[in-house]
Amino acid sequence: MLIDTHVHLNAHQYDEDLDEVIARARESGLEKMVVIGCDRPSIERTMELIEEYDDIYGVIGWHPVDAIDCTDEDLKWIEELSAHKKIVGIGETGLDYHWDKSPKDVQKELFRKQLALAKRVGLPIIIHNRESTDDCVEILKEENAGEIGGIMHAFSADEKTADEIIGMNFYVSLGGPVTFKNAQLPKDIAVHVPLERLLVETDAPYLTPHPFRGKRNEPAHVKLVAEKIAELRGMSYEDLAKATTENAKRLYNI
């Protein structure tokens, strides 16, 4: 069995066939899926999904790209909702320097606020890092993020960064790019990270793995990610699936 530790089943791309998508996920061996809500509409939808489906859990927070839209009232709302027994993390939060919607200082302030929120409610934090690794790691250190730990999702940094965040009680999560033919860095990370700190995800509907690249991603495809990592590490798929599932349950307390 597998756990997709990061999926956006609350996205509009699943409006027409969500039940079929979930059925395919179960058929492919998924035991649980963790849906990420990162703005008002997606958080509201996350809360609906965790009530409707036994095998869906939620993480809620505010995405760095939209940091400029987040108010203190939004954060208070997230904190209140986080008391739900099926909310298992805070995020995704972090930094994103690829898009320029939200100024860097606004992103950093919101990142720190959500780290503090996660500490208050005792939940792990799920980190989004795009072209912002040095600042991300610096803030995690300054805010003593190791107290709560969490995940750097869709990990795209180098081995040194992986070691740094693992040292701060974080897990490394890999998705579709590990299957891309010309993407060597995620393959190196898949081998480098200790098994007890490794997670798998889809980030669906994004980052679709080979051979479906270019099409809508879905949680069933997490099996392709796990199979590729097992191949790279020279171990059986069953052992890889067992280890990453145990890791996800330990982190998310499910």
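Mentor: A disulfide, as counted here, is a pair of cysteine sulfur atoms within 2.5 Å. This is a predicted model, in which local features need pLDDT of at least 70 and side-chain atom pairs count only at pLDDT 80 or more, while totals for chains, interfaces and linings use all residues. Residues are numbered from 1 along each chain as its sequence is written, and side-chain values use heavy atoms, with hydrogens and water left out.

Trainee: How many disulfides does the structure hold?

Mentor: In general, a disulfide is a covalent bond between the sulfur atoms of two cysteines. Here the structure holds 0 disulfides. Cys70 is in none, the nearest cysteine sulfur being that of Cys38, 11 Å away; for Cys136, likewise in no disulfide, the nearest is also that of Cys38, at 15 Å.

Trainee: Are Cys70 and Cys136 buried or exposed?

Mentor: Buried means under 20% relative accessible area, exposed over 50%, and partly exposed in between, with a 1.4 Å probe and protein chains only. Cys70, at 16%, is therefore buried, and so is Cys136, at 0%. Across the protein, buried residues make up 57% of the 254 residues.

Trainee: What radius of gyration does the protein have, and what would a compact globule have?

Mentor: The radius is taken over C-alpha atoms, and the globule rule is 2.2 Å times the number of residues to the power 0.38. For 254 residues a compact globule would be near 18 Å, and the protein's 17 Å agrees with that. Its C-alpha atoms fill a box of roughly 45 × 40 × 30 Å along the principal axes.
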